[in-house]
Amino acid sequence: ISFTLTTKDHILLNEITRITTQVPGNALNSFISTTPITPMGNKDVNMSIVVHHQPHFTTQKANEAVIWGYFLYPRRKGEFVDKQYIKMTGKEMLEELLGQLSKVDPGPGNIMDKKQEIMDSVINCIPAYMPYASALFNNRAKTDRPKVIPEHSTNLAFTGEFVEQPYQMVFTEQSAVRSGEIAAYHFAGVPMAKLVKNPRYDKDIKTLAKATRKMFK
Ligand SMILES: Cc1cc2nc3c(=O)[nH]c(=O)nc-3n(C[C@H](O)[C@H](O)[C@H](O)COP(=O)(O)OP(=O)(O)OC[C@H]3O[C@@H](n4cnc5c(N)ncnc54)[C@H](O)[C@@H]3O)c2cc1C
């Protein structure tokens with residue numbers, strides 16, 4: 001379950017910058033931690049925020065700030081709001097966020113000192129439940145998903161995250177866009193060799209060695 005928070009000033013944003021030591025847009029996923037990504041092996045992080053470079057939207061006013069956040073396990077309970085995340089209002093999600101930030105706040109002072117100011121700065125905090133957001137990671141057989149160009153098709157193609165594209169990583173704009181490119185190239189008669197090369201990291205010794213080292217670190 002995710003939420004999008006819009007504020008009419010940058011107080012919260014500045015506090016997040018101070019606490020995480022990340023300027024907006026610097027780290028795509030600022031997990032609630034003083035390092036950008038919580039190291040593997042640590043206790044599960046229930047909450048994550050994405051703080052984009054501001055302004056994020058072309059129509060966003062200079063005084064406004066927009067951040068996005070989510071809870072990976074919607075049925076778990078909050079630590080600061082005694083409710084399942086899925087049942088929280090936007091305001092409660094923000095309260096949970098402030099609580100989490102206060103836990104890792106290195107000081108001096110604490111974000112909680114500014115809680116009222118931050119709450120007053122909120123334009124809205126809109127939760128969005130995405131029950132199928134991770135469906136594309138489900139195990140599948142090769143035949144479960146169609147190819148971009150089904151056999152014998154003369155005018156129909158499938159695009160997006162649920163097509164079978166060998167060696168592409170799902171859940172990325174790259175793979176979704178590539179499926180559209182494949183479709184367009186196919187029907188327009190453009191050779192597939194003109195597609196951006198698909199890196200085969202599974203055959204790249206350097207990458208494999210690096211991955212192995214990382215695994216045992
Ligand atoms: C929470 C989340 C985080 C993500 N983070 C990243 C990331 O960090 N990096 C990354 O690369 N990718 C990320 N992705 C994945 C990326 O957003 C998607 O892969 C990409 O947007 C898919 O593009 P698409 O054009 O195939 O589909 P979509 O962007 O889903 O577009 C499909 C469009 O079709 C419209 N539509 C549906 N049905 C109909 C209909 N019947 N008639 C007309 N229109 C219809 C929908 O409204 C929608 O606008 C993330 C996705 C999610 C959900």
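Mentor: Met-112 counts as partly exposed because its relative accessibility is 31%; on this scale buried means under 20% relative accessible area, exposed means over 50%, and partly exposed lies in between, with a 1.4 Å probe and protein chains only. Keep in mind that this is a predicted model, in which local features need pLDDT of at least 70 and side-chain atom pairs count only at pLDDT 80 or more, while totals for chains, interfaces and linings use all residues. Residues are numbered from 1 along each chain as its sequence is written, and side-chain values use heavy atoms, with hydrogens and water left out.

Met-112 sits in the loop between helix 2 (90-104) and helix 3 (115-120). Helices (H or I, at least four residues) and strands (E, at least two) are DSSP runs numbered from the N terminus. Not counting residues up to four places away in sequence, Met-112 touches Leu-98, Gly-99 and Ser-102, where contact means heavy atoms within 4.5 Å. With Ser-102, the separation is 10 residues in sequence and 6.3 Å from C-alpha to C-alpha.

Pro-24 and His-52 are 28 residues apart in sequence, yet their C-alpha atoms are 5.2 Å apart. Leaving aside neighbours within four places in sequence, Pro-24 is in contact with Leu-13, Thr-17, Val-51, His-52 and His-53.

Now for the strands. Strand 4 (65-71) is largely enclosed by the rest of the structure, because five of its seven residues are buried. Strand 1 (residues 2-7) pairs with strand 4 in the antiparallel sense over six bridges; two strands pair if DSSP finds at least two bridges between them. Within that pairing, Ser-2 stands opposite Tyr-70, and Thr-4 has Trp-68 as its bridge partner. Strand 1 is itself mostly covered, with five of its six residues buried. Six bridges also join strand 1 to strand 5 (residues 122-128), again in an antiparallel arrangement, and there Phe-3 has Pro-127 as its bridge partner.

Strand 4 also pairs with strand 3, antiparallel and through four bridges. Here Met-47 stands opposite Phe-71, and Ile-49 is bridged to Gly-69. In a regular strand the side chains alternate between the two faces of the sheet. Strand 3 is covered on both faces: Met-47 and Ile-49 are buried on one side, and Ser-48 and Val-50 are buried on the other.

The loop between strand 3 (47-50) and strand 4 holds Gln-60. Is this residue buried or exposed? With a relative accessibility of 10%, Gln-60 counts as buried. A polar atom of its side chain lies 2.7 Å from the backbone nitrogen of His-56, and one lies 3.0 Å from the backbone oxygen of Glu-64. These are polar contacts, that is, pairs of N or O atoms within 3.5 Å; within protein, one must be able to donate a hydrogen and the other to accept it, and residues adjacent in sequence count only if both atoms are side-chain atoms. Apart from neighbours within four places in sequence, Gln-60 is in contact with Gln-54, Pro-55, Ala-65 and Val-66.

Nine residues surround it, the closest being Gly-160, Glu-161, Phe-171, Thr-172 and Glu-173; a residue is near a molecule if one of its heavy atoms lies within 4 Å of it. By class, this shell has five nonpolar, two polar and two charged residues, with Ala, Val, Leu, Ile, Met, Phe, Trp, Tyr, Cys and Pro counted as nonpolar, Asp, Glu, Lys and Arg as charged, and the others, Gly among them, as polar. Glu-161 places a polar side-chain atom 2.3 Å from a ligand oxygen. Phe-171 has a backbone N or O atom 3.2 Å from a ligand nitrogen, and a backbone N or O atom of Thr-172 lies 3.3 Å from a ligand oxygen. Taken alone the ligand exposes 1000 Å², of which the protein buries 32%; accessible areas come from the Shrake-Rupley method with a 1.4 Å probe, and for residues only the protein chains shown count as cover.
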